[in-house]
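Subject: Structure for you to look at

Hello,

Here is the structure I said I would pass on, with its sequence. Please open it first and then read the notes below it.

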Amino acid sequence: MDPSPESDPSHEPHSAYPEDAFEGGHGPYQPHEPGYGLDQPGYSPYEDEIPDAQARMLAIKNAKAYLLKTSTKSGLNLYDHFATILTKILDEQPANAVDIIETISQDVKWAQFRKKMDTLRDEHLIPPTFEAAEKCKALFIKEAGEEEHEDLDEEMGEPALPNVMETAFYFEQAGIGLSKDECYYIFLAFKNLISVQPIQTCRFWGKILGLEMNYIIAEVQLREGEEEEEREEEEEETVAEEEKEMGEGEEEEEQKEKEPEPPKSTYKPPPEIPKEANGTGANKYVYFVCNEPGKPWVKLPPVTPAQIVCARQIKKFFTGRLDAPIVSFPPFPGNEANYLRAQIARISAGTHVSPTGFYQFPEDEEEEEGGDTYEENPEFEPPPVAEMVESLAMWAHHVKGILKQGRCVWINPAQKSEEDEEEGEEEEEEEEEEHQEETGQPLLTLISEDEGMKNIPAWTAQASTNLIPEYSIAILQSNRWPGAYAFASGRKFENIYFGWGHKYNPESHTPALPPPAEAEFPTEPGITEAADPTVEEELAFKAAQEEALAEAEEEEEEEGEDD
């Protein structure tokens, strides 16, 4: 039976007033809901008050102005973005647009993205692979003068160019070294260095890491004529510096004559220890460095004893810039180029080793304490790898150690010139007692005599592989200088370094403390402030003075009567 229209609530007439609809329960919104009154003209949620038309227009303008605010990052505004999204949806009319509204918004943003363009021409983006290729492009160009250098090497007999790839092959067996590409780039960089500089022998010393850039180091020996020219240039520089100092000293003396003399200091600085000559001691080799293969090579200056002594007291990371200052205490006498040269000298003196018996002293010259000359032993028979791994006595140092003075050969700083010899003998005796001669280990000393660090030995030797011992090579690792390695295989051996250039310290590094502050004035009666006398002390002092004057007058009168 169909329900009658009277019983169907859907056919009941709607009241013109929302209150009636609320009482009957037929209104779409309840009075407490925010949408109440919006479906009926003339009604609003503001307690049945119709807002002013001007206020409504002002609110609309403020809302539109807010939507038109431009983003500081993308340069877009929300009003145009919504308009573009709605236009895109109405034009394409995708299915389920509400589910993909975020994707549509992202597509609209990507479509409005623009690359940076110049007013005249587009910006050319250089890919990183092209930049890397441009850096190494100069390494693959053969210059016209290289053929002459090759002819000179053939006449000299031994080529100056080291076989970097062969050295990398041997160290690679122990998991040490660089990538093959970088080794080949270094190989080509060494070839360019030899074509530019008058080099007699060249060797890949190693690579020191830096915070910004790294250092690739070449150890070379220049030809004999070039070394003499370098010495003359250095002597001329020292003479020019001395002349400048003399001129400045004369000007200072003239100024002092005009001005009153200030109190002079009694401090006497210690005598400056001269550096070792080129080709001897710590300056036996010349070092060239570059940050990357393809960049220009830079020659490092000779090292001085003061730089080596100070480098032992500080620990600084390298930046990769040779002109960077070294801020430390005690203050380092130089910049990063000098600090790098000092660390190279220290590492070479402590880690460059060779199989025992490979080198020998010349027969014509007897072994001297200060001598650093040796030659290859033609009768050397390489020991088996097992012996070189088991015993450290099968390795020896072929670079002289550096003394505490900062030199390989000790020199007496108390030696004076003829003008200074006129001074007293007492000062000479005191200086002789202070400066005692230092003696280090002689050349070709066995590494088994090196002192360890607490429970850590100075060296660790091992074979490159235990699976195929007949084809293994001996690998030696320095624990005192982490990153220093050496290999030996038959008559072939080599030393190399890959690290930060720091010496291992079982304890944390503690910088040196500044010296105690000196007293401003010496404590003497004439300088120390005295307490003010009391009234009684002043009266007693005056009475004593009066008595002394009276006695003096009486003595004068008696002398006059006697006359």
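The model is predicted. Its largest nonpolar core holds 31 residues, and Phe204, Ala218, Val220 and Trp297 have the most contacts inside it. Several elements each supply at least two residues of this core, among them helix 7 (164-172), helix 8 (180-196), strand 1 (199-208), strand 2 (215-222) and strand 3 (286-290). Helix 8 gives the largest share, seven residues. As background, nonpolar side chains in soluble globular proteins tend to be buried together.

Which residues does Trp297 touch, leaving aside its neighbours within four places in sequence? Trp297 is in contact with Ala189, Phe190, Leu193, Ile216, Ala218, Phe288, Val289 and Cys290.

There is also a second, separate core of 30 residues, which includes Ile208, Ala282, Ala345 and Tyr497.

Eight strands make up an open sheet with mixed pairing, in the order 4-3-2-1-12-11-10-9. Its edge strands, strand 4 (298-299) and strand 9 (459-463), each pair on one side only.

Because seven of its eight residues are buried, strand 2 is largely enclosed by the rest of the structure. Take its two partners in turn:

- Strand 1 pairs with strand 2 in the antiparallel sense, over eight bridges. The two strands form a hairpin, with six residues between them. Gly206 has Ile217 in strand 2 as its bridge partner.
- Strand 3 also runs antiparallel to strand 2, and five bridges join them. Here Ala218 stands opposite Phe288, and the bridge partner of Ile216 is Cys290.

How many residues line the second largest pocket? The lining has 28 residues, and those closest to the centre of the pocket are Gly350, Gly401, Ile402, Arg480 and Lys503. The volume of this pocket is about 850 Å³. Helix 11 (residues 336-351) gives the most to the lining, with three residues. Sorted by class, the lining of the second largest pocket consists of 10 nonpolar, nine polar and nine charged residues.

Regards

Technical notes. Residues are numbered from 1 along each chain as its sequence is written. This is a predicted model: local features need pLDDT of at least 70, side-chain atom pairs count only at pLDDT 80 or more; totals for chains, interfaces and linings use all residues. Side-chain values use heavy atoms; hydrogens and water are left out. A nonpolar core is a set of buried Ala, Val, Leu, Ile, Met, Phe, Trp, Tyr and Cys residues joined through side-chain atoms within 4.5 Å. Buried means under 20% relative accessible area, exposed over 50%, partly exposed in between (1.4 Å probe, protein chains only). Helices (H or I, at least four residues) and strands (E, at least two) are DSSP runs, numbered from the N terminus. Contact means heavy atoms within 4.5 Å. Two strands pair if DSSP finds at least two bridges between them. On a 1 Å grid over the protein atoms alone, a cavity is a set of points where a 1.4 Å probe fits but cannot get out, and a pocket is an open set with protein on both sides within 12 Å along at least five of seven lines; lining residues have an atom within 4 Å of a point. Grid points are joined across faces, edges and corners, and a volume is the space filled by probe spheres set on the points. Ala, Val, Leu, Ile, Met, Phe, Trp, Tyr, Cys and Pro count as nonpolar, Asp, Glu, Lys and Arg as charged, and the others, Gly among them, as polar.
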